[in-house]
Amino acid sequence: MRQGGGVKGLAKPSSYTWAHAVNSKPELQVTLAPDSGYDAIEADIIFSERTQGPVMGHPPATDGDLSLQEFLETLVEQGFQGDTSAPNSNIVKLDFKSAKAFESSRGLINEFVAKTLTPGTLFLNADILQGPCDQPCPANFNPSEFLDQAAEVQGAVLSVGWTTGGDNCEYTEAMVDEMLRLLPDRAVTFPIKATCLKRSWGNLKKLLHKENHGLTLWWSQTKLNQDEIGWMYDTLESDPGLRDRTFYDILGFKEFLDSRKG
């Protein structure tokens with residue numbers, strides 16, 4: 001992925017300021033406040049047995065106060081995602097926690113895309129393979145089915161990764177090879193737990209051999225050490241072949257960039 005992560009219409013990936021796990025009405029309102037500074041939102045979707053539909057939430061939660069329909073409608077109403085007459089480059093990343101959550105969301109997503117979306121600003125995310133975990137953490141998807149169904153959403157960006165557990169995990173070469181065997185020839189951003197990048201870099205860099213592949217580093221539990229962020233940034237942005245292919249959904253990343261500018 002080159003400028004804009006290889007997606008037409010996006011800004012430089014490192015320029016985005018992310019709000020992570022925006023899964024409730026209060027969190028959404030804070031994120032959409034005019035002075036929040038956020039131009040990328042990551043939110044999780046689960047299937048609610050109570051409503052028999054998709055709601056915002058992250059396991060172990062089984063229900064939530066904000067439906068996916070309300071979430072998407074609010075993005076439009078408050079201008080985060082404009083209609084087709086006023087497009088913008090703000091990113092919405094929807095992280096589906098199960099196949100049932102995704103399948104129940106497809107109609108809403110297609111409606112949202114048809115009336116509001118600038119192509120390339122909607123990321124469809126799922127952990128389709130088991131990854132590095134302290135204990136078994138199976139994926140809740142049939143990988144091929146998710147890839148086929150996501151491909152039907154016009155203009156959406158594919159974001160597929162691995163389940164994880166533990167803070168200093170290692171993505172193995174076998175995990176990377178399994179993922180690459182599954183993928184169609186299309187733009188992909190791979191979500192990678194930021195605290196596992198350095199230990200896994202020897203294996204993960206194979207993901208970037210194709211120019212239409214990029215990374216989204218994520219971490220929101222604590223602010224990472226500035227030296228650790230510096231290693232990630234220098235590794236991924238100093239090499240001309242890797243530059244502008246990574247999004248940084250990392251708590252503390254904005255402060256890091258500000259310190260570099262200073």
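Okay, let's start with strand 9, which is covered on both faces: T246, Y248 and I250 are buried on one side, and F247 and D249 are buried on the other. Before I go on, keep in mind that this is a predicted model. If you like to count, 5 of the 5 residues in strand 9 are buried.

One to look for on your screen is W218, whose bridge partner in strand 9 is D249. To get from strand 8 to strand 9, the chain goes through helix 8, and this β-α-β crossover is right-handed.

Now, the aromatics. How many aromatic pairs does a search of the whole structure find? It's 13. Take Y16 and F247: their rings are 6.0 Å apart, centre to centre, with 55 degrees between the planes, and that pair is tilted. Y16 is in the segment before strand 1, while F247 is in strand 9, so this pair ties together parts that are 231 residues apart in sequence. Buried or exposed, these two, Y16 and F247? Both are buried.

Here's another pair, Y233 with Y248: the centres are 6.0 Å apart and the planes sit at 50 degrees, so this pair is tilted. Y233 belongs to helix 8, residues 226-237, and Y248 to strand 9, so the parts tied together here are 15 residues apart in sequence. Y233 and Y248 are both buried.

Together with Y16, W18 and F123, F247 forms one aromatic cluster.

Let's move to the nonpolar cores. The largest has 67 residues, and the members that touch the most others are F71, L75, L124, F146 and I192. Which strand gives the most to this core? That's strand 5, residues 122-129, with 5 residues. There's also another core lying apart from the largest one; this other core has 8 residues, including L10, Y16, I91 and V157.

Last stop, I192. Setting aside neighbours within four places in sequence, what is I192 in contact with? The list is W162, Y171, L197, L204, L207, L215, T216, L217 and W218. And W218 brings us back to the bridge with D249 in strand 9.

How values were computed:
Residues are numbered from 1 along each chain as its sequence is written. This is a predicted model: local features need pLDDT of at least 70, side-chain atom pairs count only at pLDDT 80 or more; totals for chains, interfaces and linings use all residues. Side-chain values use heavy atoms; hydrogens and water are left out. Rings of Phe, Tyr and Trp (its six-membered ring) pair if their centres lie within 6.5 Å; planes under 30 degrees apart count as stacked, over 60 as edge-to-face and the rest as tilted. Helices (H or I, at least four residues) and strands (E, at least two) are DSSP runs, numbered from the N terminus. Buried means under 20% relative accessible area, exposed over 50%, partly exposed in between (1.4 Å probe, protein chains only). A nonpolar core is a set of buried Ala, Val, Leu, Ile, Met, Phe, Trp, Tyr and Cys residues joined through side-chain atoms within 4.5 Å. Contact means heavy atoms within 4.5 Å. Two strands pair if DSSP finds at least two bridges between them. A crossover is right-handed if, with the strands pointing away from the viewer, the path from the first strand over the helix to the second runs clockwise.
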